[in-house]
Amino acid sequence: ADGLSGAPAPFDKGGVKVALISYISAGDFFQAYQAGAEAQAKALDIDLRIFPGRQDAAEQREQILQAINLGVSGIIIDHGLPESLGDVVQQALDKGIKVVAFDVNLNNPKIPQVEQSDHELASLALEQVVKDNGENFNAGYVYVAGFAPLDRRNEVWDKFKSDNKGVVEKARFGNVSDTTATSTADQAKAVLTANPDISVVFAPYDEFARGVKLAANDLGIASKLKIYSADVSTADIQEITEEGSPWVATVATNPAVVGAVSIRAAALEIAGQTVPHQITVKPTLLTQESLRAAGVKTIEELAEKIPAFSTSDAATASWIPDKLF
Ligand code: SR1
């Protein structure tokens, strides 16, 4: 470890140990988030220890204890179930370890919370839904309670329905697992078969949207359905822009930027510098039409066209390198 010249301690010496402890590691969003965290950690000469997530609350608790024993200076908790984390996170704080939470509400004034402005994300998606479909339609909704970002997006969906009485939620389904897309596809097939009058599906997680699209294609109803989601990846761009795709819009950040922001927040905390309690990375609406018109095929091409996909001004400091992608 060489350290960063001009950086505050302990980053002037380098090799600062930080743990990234995820609840979910599978899927494009989480892989890109991790890649962004790794790139930012490398730029800060951080020794980043990654603990993969397998949707297992007991394992995530165990990983936090392991990180404490490794002598890390900071821990980033990426998703998880708050009820199973409170006491072990408190143990970390009691040892002077700085903790940053991404998309899990740890409800502790000492823990900065990173999120993608999920209320805005869902609002932008639903505004596009109304633009395309008006205010009277039958909808399918993909949701799993207990995940902070999905719960925040759900608050917006609930309000949207109560403000738009012509929107009828005919079915609600979804699962989060290591096979989210294919399991959601199985559920969506049953739902769309039983409710042939559904014309819109709000699926605010790209794995959900991918599953619904699979189902629509298998049932041969893609031309009668419109899917609106959250998140974007290179694979998602391909699925959205391909001919005849029912996936017509998504609202997203670059997850790699969110991963980088999480590392920067931890670094600022470790250096004893000011970090806002709420750290937000704002999402952008991407419609099928706009992606096709721009000829964008990858997330890197998106980053060249939309500055928010290459960097964020959240949790920055003059000593933190931020040109990563
Ligand atoms: C199971 S939660 C999935 C969501 O977490 C992140 O906030 C991503 O945006 C994804 O949609």
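Domain bounds in these legends come from an automatic or database domain assignment. The model is predicted: local features need pLDDT of at least 70, side-chain atom pairs count only at pLDDT 80 or more, and totals for chains, interfaces and linings use all residues. Residues are numbered from 1 along each chain as its sequence is written.

**Figure 1. Overall architecture and division into domains.** The protein is divided into domain 1 (16-115 + 254-282) and domain 2 (118-252), and the C-alpha centres of domain 1 and domain 2 lie 29 Å apart. The contact between them takes 13 residues from domain 1 and 16 residues from domain 2; two residues are in contact if their C-beta atoms, placed from the backbone, lie within 7 Å. On the side of domain 1 that touches domain 2, H1 supplies the largest share, three residues. By class, that side of domain 1 has five nonpolar, four polar and four charged residues (Ala, Val, Leu, Ile, Met, Phe, Trp, Tyr, Cys and Pro count as nonpolar, Asp, Glu, Lys and Arg as charged, and the others, Gly among them, as polar). The secondary structure comes to 11 helices and 12 strands, where helices (H or I, at least four residues) and strands (E, at least two) are DSSP runs numbered from the N terminus. The C-alpha trace spans about 60 × 40 × 35 Å along its principal axes.

Figure 2. The 16 residues of H1 (residues 28-43) should span 22 Å at 1.5 Å a residue, and its end C-alpha atoms are 23 Å apart, which agrees; the expected span of a helix is 1.5 Å times one less than its number of residues. Phe29, Phe30, Ala32, Tyr33, Gln34, Gly36, Ala37, Gln40 and Ala41 are the buried residues of H1. A residue is buried if 20 or more other C-beta atoms lie within 10 Å of its own, exposed if 12 or fewer, and partly exposed in between, with C-beta atoms placed from the backbone. The cover over these buried residues includes strand S1 (16-22), strand S2 (46-51), strand S3 (74-78), helix H7 (206-219) and helix H9 (255-270). After H1 comes Asp45, with a positive phi near 55 degrees.

**Figure 3. Helix H4 and its surroundings.** H4 (residues 118-133) has 16 residues and reaches 22 Å from its first C-alpha to its last, close to the 22 Å expected. Its buried residues are Asp118, Leu121, Ala122, Leu124, Ala125, Leu126 and Val129. Among the elements that cover them are helix H5 (148-163), strand S8 (200-203) and strand S10 (247-252). Gly134 follows H4 and has a positive phi, near 75 degrees.

**Figure 4. The largest nonpolar core.** A nonpolar core is a set of buried Ala, Val, Leu, Ile, Met, Phe, Trp, Tyr and Cys residues joined through C-beta atoms within 7 Å. Of the 105 residues in the largest one, Ile75, Ala125, Val201, Phe202, Ala203, Val212 and Val261 touch the most other members. H9 provides the largest share of this core, 11 residues, and at least three residues come from each of domain 1 and domain 2. Not counting residues up to four places away in sequence, Val201 touches Ala139, Gly140, Val142, Val212, Leu225 and Ile227.

**Figure 5. The loop around Ala222.** Ala222 lies in the loop between H7 and strand S9 (226-230). With 17 C-beta neighbours inside 10 Å, Ala222 counts as partly exposed. Residues up to four places away in sequence aside, Ala222 touches Ala216, Asn217, Gly244 and Pro246.
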